[in-house]
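Have the viewer open as you read.

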Amino acid sequence: MSGAALAVVVVVVFFLALYLLQRYGDLWKQQRLVLFGTLLSWYLCFLIVFILPLDVSMAVYNQCNSNITNTTTATPTNPSSRSEANLSPFPSMSPPGKCEEPWTYIPNDTLEVFWRVVYWTSQFLTWLLLPFMQSYARSGAFSVVGKIKTALIENALYYGSYLLIFIALLIYVAVQLKWKLTLADLQTIGITAANTWGLFLLVLLLGYGLVEIPRSYWLSSSHNYVLSKSYFKVAKMATEKAEADEKLADVIEEVAGIHASVRQNHFLRKYVDIILTKCPTKYQEEMGINVEISRVDQNAPPTKRVLVKLHEKVVSAVQRHNQTQVQWSILLEQAFHLEDVAKSQNSSLRHFTHSFPLAHRGWIRRFIYTPTVEWFWECVLRQGVCRLLAVLLWLLSAAVIWSECTFFSTHPVLSLFAVFIQLAEKWYNYHCIEMVCFVGILFMCVCVYSTVFRIRFFNYYYLVPHHQTDAYSLLFSGMLFCRLTPPLCLNFLGMIHMDSAISHKNRVQTSYTSVGSTNSRINTHTHTHTDICTCKLNVCFSFLYVFFYQIMGSMQLLSFISDGFYIYYPMLVLLLCFATYYNLGPRCLNLLGFHQYITDDDLISDLVDEGRELIKRERRKRQRAEDGENRRWAWRERYGVNGATGRNRAGYIELKDNQKEPVTKIKKSVVTFTRRNEKADEQQTGLLQEDSSDDESPNRRSTAGSYLTLSPPVKGVFDDV
């Protein structure tokens with residue numbers, strides 16, 4: 001299976017990254033460069049996570065071959081070799097006569113080339129290309145040159161801050177080494193700076209995810225908690241929705257003023273037209289019919305810089321408006337479903353009843369996920385499954401926290417993941433090694449990545465599902481993934497004692513962290529030749545080697561980082577887990593005015609009550625709409641689709657051209673309607689008038705307008721109701 005496992009993982013991970021991009025981004029409307037950059041960054045990071053367990057099994061296989069070679073070359077009667085073998089910490093049992101290849105065997109050369117391409121491509125994306133694309137996508141300039149200029153100016157400060165950090169580390173290392181720096185040392189400084197930055201953020205996100213993910217599954221088993229939190233989200237989203245609508249209205253008003261002040265023959269008119277195309281269609285029609293010119297003087301057109309800023313504001317306001325609309329609809333569906341679950345739990349019938357059955361039609365619900373199956377899942381099985389999953393996740397979190405706090409201890413071995421790997425290594429059980437590595441690193445990545453998908457920076461960065469994430473947030477997530485994944489993998493290798501820079505073990509390294517012995521050979525080779533041309537070629541070759549062949553590099557150059565920061569800083573995850581468990585972060589945000597769901601807060605309880613009332617109001621609106629749809633469906637079923645010719649629109653009766661009666665306007669809301677009884681179809685008449693007390697009684701249904709008479713039916717008059 002040489003390379004077959006690698007090829008399968010490469011294909012599967014690509015479709016996983018493509019699915020996530022399709023869920024959060026818009027594959028048809030967003031810029032192709034943005035989609036390509038985000039897909040490539042996510043894809044490379046996921047590849048690192050899925051290929052690293054195979055690399056660990058290959059390191060164990062190479063260690064086995066190394067032990068056999070040392071055993072055959074060593075002289076058994078030599079006392080010194082005998083003592084060295086006893087002091088060796090790795091082969092706790094004698095290696096087999098011939099090492100068996102792992103079922104996921106990958107040639108070493110292939111794996112090394114793969115890591116070089118993946119690692120350096122991801123670093124190029126996160127530190128150079130993606131920040132530039134962020135500023136380019138967010139820029140309001142109207143030309144490519146203008147967007148590039150804006151991106152360069154915005155990234156000047158960004159790159160300048162990192163340059164200062166690099167210069168500080170460079171000065172420190174130069175003083176320690178007495179100003180004797182090589183190209184490999186410079187590369188190690190750069191990699192150390194990148195990994196240190198990523199590890200600093202990694203511990204913060206990991207400390208939150210290790211507690212929040214198991215707790216979220218445990219709390220989701222409580223239906224009352226989930227329903228109350230849903231009410232809280234609805235109340236909070238209603239405020240955000242109102243703010244987004246108000247901001248969009250203000251921006252549209254500003255656009256209308258600019259539209260009125262710039263004449264058709266003005267040279268800035270083409271930029272105004274571009275801005276108009278970014279506005280919603282209904283606002284474009286309103287501005288085309290009635291242009292508001294009271295606030296802006298027609299003789300004072302704006303400058304191009306003002307139009308650039310206005311263009312950026314329009315794009316941001318429209319994007320935020322669309323996000324709130326989609327999120328509002330999703331929250332309403334979730335709240336309606338949770339209320340239906342509460343009603344079904346209290347019902348004696350083992351049958352799940354939806355309040356709005358028209359929205360839950362399909363062959364899956366008709367044949368597979370039937371109301372009976374749905375009732376058993378929602379009312380019986382779901383609670384137990386969530387709690388069982390929460391317990392398993394709590395155990396994994398405890399294992400990660402313990403290993404993070406004890407992985408520096410090699411004698412005795414305290415890290416649980418290192419214990420499992422070494423036990424499997426004794427018997428060369430590659431399946432167990434790969435499974436332990438895959439479960440451990442995948443769980444850590446889920447904790448970190450889920451936190452990246454959940455965090456929200458004042459609507460500046462926010463990942464929204466259902467294709468509503470803007471380009472800036474997509475690129476920012478790609479940057480975070482590329483910066484967090486390498487230090488996460490390096491931290492996991494330290495937890496299983498596969499990183500010699502942390503465990504200080506003289507063993508075969510993984511291809512991800514190995515430096516190789518070619519550096520010393522290259523350096524000696526360049527010093528033996530005296531020819532100037534040959535030395536220049538060797539220097540160039542050395543530069544290319546250390547730049548492309550060294551992946552993680554040895555951190556021994558910066559001892560205070562390798563022996564201090566990388567070992568003791570991950571212990572901070574324990575304090576962060578305690579802070580997350582006691583909700584210290586949400587409580588601080590509440591004090592700052594950013595409301596978070598906390599059950600013992602009076603203000604939060606008021607928001608829950610407000611959300612409950614909003615759900616009642618939206619339920620009545622949805623019920624009236626569905627009742628109207630049911631009546632139209634019943635009318636078509638009884639009299640046929642083509643049995644009526646008129647339409648009811650905004651209180652008017654529209655007749656066909658071949659009829660002689662004029663269009664008449666209905667003044668009063670007096671109708672007669674037909675209601676179908678379950679036992680027999682009988683015709684009843686009544687008055688439907690709007691009642692102001694309808695909002696106070698959720699069981700009553702208002703008409704929200706006027707209906708036309710359906711009894712007695714007149715053939716060829718009405719199309720529907």
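What share of the contacts in the protein chain with a separation of 6 or more comes from residues 24 or more positions apart? That share is 76%. Keep in mind that this is a predicted model.

## The chain as a whole

The protein chain has 721 residues, and 43% of them count as buried. Its secondary structure comes to 22 helices and two strands.

As for the surface, the protein chain exposes about 39500 Å². Carbon and sulfur atoms supply 61% of that area.

In soluble globular proteins, nonpolar side chains tend to be buried together. Here, the largest nonpolar core has 93 residues, and Trp 42, Leu 210 and Ile 496 are the ones with the most contacts inside it. Helix α2 gives the most to this core, with 20 residues. There is also a second, separate core of 21 residues, and Ile 252, Val 255, Ile 258 and Ile 275 are among its members.

Let's zoom in on Trp 42. Leaving out residues up to four places away in sequence, Trp 42 touches Ala 17, Leu 20 and Leu 21, and also Phe 453, Leu 474, Ser 477, Gly 478 and Phe 481.

A disulfide is a covalent bond between the sulfur atoms of two cysteines. How many does the model have? The count comes to one disulfide. Cys 64 and Cys 99 form it, with their sulfur atoms 1.8 Å apart. The torsion about their S-S bond is about -90 degrees, so this disulfide is left-handed. Cys 64 sits in helix α2 (residues 32-73) and Cys 99 in the loop between α3 (79-87) and α4 (108-138), so the pair ties together parts that are 35 residues apart in sequence. Both ends are buried: Cys 64 has a relative accessibility of 1%, and Cys 99 has a relative accessible area of 8%.

Cys 445, on the other hand, is in no disulfide, and the nearest cysteine sulfur, that of Cys 489, is 5.9 Å away.

## Ser 415: buried or exposed?

Ser 415 lies in the loop between α12 (371-406) and α13 (416-426). With a relative accessibility of 0%, this serine counts as buried, because the limit for that is under 20%.

A polar atom of the Ser 415 side chain lies 2.8 Å from the backbone oxygen of Met 495. Met 495 also shows up among the contacts of Ser 415, along with Ser 403, Thr 406 and Phe 407, once neighbours within four places in sequence are left aside.

Leu 607 is part of helix α22 (residues 602-639), and at 14% relative accessibility Leu 607 counts as buried. Which residues does Leu 607 touch, not counting those up to four places away in sequence? They are Tyr 231, Phe 232, Ala 235 and His 595.

How values were computed: Residues numbered from 1 in each chain as written. Predicted model: local features only at pLDDT ≥ 70, side-chain atom pairs only at ≥ 80, totals over all residues. Heavy atoms only, no water. Helix = DSSP H or I, 4+ residues; strand = E, 2+ residues; numbered from the N terminus. Buried < 20%, exposed > 50% of the residue type's maximum accessible area, 1.4 Å probe, protein only. Polar contact = N/O pair within 3.5 Å; in protein donor to acceptor, adjacent residues only side chain to side chain. Contact = heavy atoms within 4.5 Å. Disulfide = S-S within 2.5 Å. Areas by Shrake-Rupley, 256 points an atom, 1.4 Å probe, with all protein chains shown as cover. Core = buried A, V, L, I, M, F, W, Y, C linked by side-chain atoms within 4.5 Å.
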